[in-house]
Every structure is written in C-alpha cells, then in structure tokens.
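Student: Can we go through this structure together? I would like the fold first, then the charges, then the backbone.

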Amino acid sequence: MKMLINVPETVVSDALRGMAAAHPELTVDVENRVIVRRDAPVAGKVALVSGGGSGHEPLHGGFVGPGMLSAACPGEVFTSPVPDQMVRAAAAVDSGAGVLFVVKNYTGDVLNFDMAAELAEDEGIQVARVLVDDDVAVTDSLYTAGRRGTGATLFVEKIAGAAAEEGQPLERVEAIARQVNDSSRSFGVALAACTTPAKGSPTFDLPPGELELGIGIHGEPGRERRAMMTSGEVADFAVHAVLEDLEPRNPVLVLVNGLGATPLLELYGFNAEVQRVLSERGVAVARTLVGNYVTSLDMAGASVTLCQVDEELLRLWDAPVHTPGLRWGM
C-alpha cells in the first residue's frame with residue numbers, strides 16, 4: 001500500500017510536528033506526545049483530558065480547544081497512550097477545579113487512564129473519569145470487555161466541554177458526560193479494511209463484494225458479513241440496530257461518521273437514507289453532523305451515532321467551539 005509517510009516509526013511524531021505548525025493556538029509537545037490548548041490552565045475551569053491510539057483523527061487531538069478538550073494524549077497507531085502522558089496532560093491543564101478523563105472503553109485505555117488518575121491524585125489533582133461505551137454491535141471484542149467506545153466520544157467531549165467552558169463544577173461536568181454516554185448508541189459498517197503503517201497491508205481480510213456489519217474502529221469483527229448492500233439497506237440495518245437499544249423519547253443528535261476513506265459524496269447520500277429511516281420510525285432529529293470525525297485510518301465505511309438530548313444537552317451542543325476538527329459560533 002502507498003502511504004504519504006517517511007517511515008512507519010515516525011508517523012505519529014511527524015503528524016504532531018505538522019499539527020504544531022498548522023495550529024499555533026495549540027501547544028504540541030512532540031517528544032512527550034501531549035496536545036494542550038495554549039491558554040491552559042484556564043482559571044476556575046474544569047479541564048477535560050482524553051486520548052487514545054493514533055489513527056482515529058481528528059479524534060482526539062483535533063478536538064482540543066475552547067469548548068471541547070483541554071488536552072489530548074496520542075498513542076502509537078491503534079495503541080493506548082501511557083499513564084505518564086495522561087499525568088503530564090492533567091498537570092498542564094489543571095486550574096485547581098479538577099480534571100475529567102474521557103476514556104473510550106478499550107482495555108489498554110481503561111487500565112492506563114485508571115493508573116494515571118491514581119498518579120495525578122497523588123500529585124494533588126482532583127480527577128473524575130467517564131467511560132464511553134456506545135457501540136451496540138457486539139458486547140465483547142478483541143480489545144474490550146463490554147461495549148466499545150466509538151462515535152459518542154465526540155458527543156461527550158463536545159457537550160461536557162461546553163459545560164466546563166461555562167464554569168460548571170467537576171461533579172456537574174462529570175454527570176453531564178455520563179448522561180451523554182448513557183443517551184448515545186452507535187453502529188459501524190466497513191466496506192474495506194484499513195492499513196496500518198507498520199503492517200503495510202490490510203489489517204483483516206474482507207473479500208470483494210462483501211461488507212462487515214458492526215465493525216470496530218480498529219478493525220475488530222462485527223456481527224456478521226453480508227454481500228454488498230445499498231446505502232439504503234445499510235441505513236436500515238444500522239439505524240434499526242441502534243434503535244433496538246436506544247428507544248429515544250426526545251429528539252436526537254445524529255452523527256454520520258466516515259471511517260476515513262469514504263468520500264463526503266457517499267456520506268451525504270448515506271445520511272439521506274439514515275434520515276429516511278429515522279422519519280419512518282418517528283424519531284425527531286435535532287441536529288445532524290456529517291463527516292470524518294472518529295476514523296480508522298483509511299478504512300472505507302461509516303458509522304451512525306444517535307444521542308437523545310434534552311434542552312440543556314442541546315444548548316450545550318450548540319455552544320461555541322473552536323478546535324482544529326470542530327468549530328462553530330466563535
């Protein structure tokens with residue numbers, strides 16, 4: 001596979017150097033692999049810290065900035081960051097109001113963020129943790145006990161980040177983040193496998209003419225494989241899978257998320273089918289976001305995430321945000 005890289009060993013460091021050059025509003029520590037909003041710590045403000053393996057961009061580093069994350073810790077490709085990164089990030093952004101760790105439910109992330117929380121608390125930093133586990137496709141997977149954390153991570157980081165930006169206390173920011181996760185469900189579909197720089201070939205075998213229903217963002221197996229389906233058929237399957245578990249009574253936020261190699265032309269067409277299914281099911285849509293936000297390198301495919309919102313959550317979603325990967329209202 002052809003890739004626009006130097007060598008696999010430096011792909012993350014090279015990307016961080018490029019990010020630093022493109023975004024002077026961020027402080028990017030390439031050596032220690034920590035991305036921090038330049039104005040941190042902000043007096044009296046709860047800080048949000050997240051992170052995970054690289055390869056899911058713009059998650060998480062692209063969501064650092066006013067209205068969202070205070071800092072992010074990128075690991076190697078598809079590999080959890082280490083506790084030292086998380087502690088360094090927490091120390092850089094803590095104003096004394098506390099730090100919320102947003103953790104996707106993958107075993108390495110959970111263990112390392114738990115260890116980092118203990119180390120940070122030993123240094124006098126108050127830490128709360130929220131686990132994101134929104135994927136309804138499977139219960140246990142290759143790297144996960146329980147459900148995987150996927151597209152809802154964006155909703156948690158945006159909505160809880162807005163609450164923190166308003167000056168809400170740590171306990172309230174944590175409660176909002178938990179509410180968002182509990183109100184969100186996701187389902188992903190792969191049309192082609194991704195290729196990691198180190199391997200240089202597809203991470204799993206998906207024969208031509210087939211797709212994987214319920215794929216994970218690292219290429220973990222889903223529910224089943226089928227012969228290629230139309231956009232409308234995929235939307236029927238994915239949305240029904242989500243609604244079997246969510247049953248929203250309030251309007252929903254909709255994220256139609258590309259996994260890396262699917263063009264916007266196809267994503268918008270897929271969104272039309274998702275909206276059709278929601279309308280047929282009587283689900284009111286409050287807001288829709290379409291694009292590549294929680295990716296899997298160059299995987300072809302998409303995921304659907306729904307988040308049931310009340311008036312407060314919708315207000316916080318609409319609040320201004322200014323990050324490399326998500327921005328409005330500023």
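Tutor: What follows is a short walk through a predicted model.

Student: How many helices and strands does the protein chain have?

Tutor: There are eight helices and 14 strands in the protein chain.

Student: What does the C-alpha trace span along its principal axes?

Tutor: About 55 × 50 × 35 Å. Of the 330 residues, 56% are buried.

Student: On to charges. How many salt bridges are in the whole structure?

Tutor: The search finds 18 salt bridges. One of them pairs E166 with R315, with the closest N and O atoms 2.4 Å apart.

Student: Are E166 and R315 buried or exposed, or something in between?

Tutor: Both are partly exposed: E166 has a relative accessibility of 42%, and R315 has 41%.

Student: Which residue does R185 meet in a salt bridge?

Tutor: R185 meets D245, at 2.4 Å from N to O. R185 is in strand β7 (residues 184-192) and D245 in helix α6 (residues 231-246), and this pair links parts of the chain 60 residues apart.

Student: And how accessible are R185 and D245?

Tutor: R185 counts as buried at 15% relative accessibility, because the cut-off for buried is under 20%. D245, with a relative accessible area of 30%, is partly exposed.

Student: What about R226 and E224?

Tutor: Their side chains form a salt bridge with an N to O distance of 2.8 Å. R226 is partly exposed at 34%, and E224 is partly exposed at 30%.

Student: Which residues are linked in a network of salt bridges?

Tutor: D236, E273, R276 and E280 are linked in such a network.

Student: Which residues form the negative surface patch?

Tutor: E118, E121, D122 and E123 form the patch. E123 is in the loop between α3 (107-122) and β6 (127-132). Its relative accessible area is 53%, so E123 counts as exposed.

Student: New topic, the backbone. Where are cis peptide bonds found?

Tutor: One joins E57 and P58, with omega about 10°. Another joins L59 and H60, with omega about -5°. P58 lies in the loop between β3 (47-54) and β4 (71-77), and H60 is also placed in the loop between β3 and β4.

Student: Which residue has phi near 60°?

Tutor: R33, which is not a glycine, has that positive phi. R33 is in the loop between β1 (26-29) and β2 (34-37), and R33 is buried, with a relative accessible area of 14%.

Student: And what is the phi of L297?

Tutor: L297 has a positive phi of about 55°, and L297 is not a glycine either. L297 lies in the loop between β11 (285-291) and β12 (300-308). L297 is partly exposed, at a relative accessible area of 25%.

Notes:
Residues numbered from 1 in each chain as written. Predicted model: local features only at pLDDT ≥ 70, side-chain atom pairs only at ≥ 80, totals over all residues. Heavy atoms only, no water. Salt bridge = Lys/Arg side-chain N within 4 Å of Asp/Glu carboxyl O. Buried < 20%, exposed > 50% of the residue type's maximum accessible area, 1.4 Å probe, protein only. Helix = DSSP H or I, 4+ residues; strand = E, 2+ residues; numbered from the N terminus. Patch = residues over 30% accessible without salt bridge, like charges linked within 9 Å, V, L, I, M, F, W, Y side chains within 5 Å. Areas by Shrake-Rupley, 256 points an atom, 1.4 Å probe, with all protein chains shown as cover. Lys, Arg positive; Asp, Glu negative; His and termini not counted. Charge placed at Lys NZ, Arg CZ, Asp CG, Glu CD.
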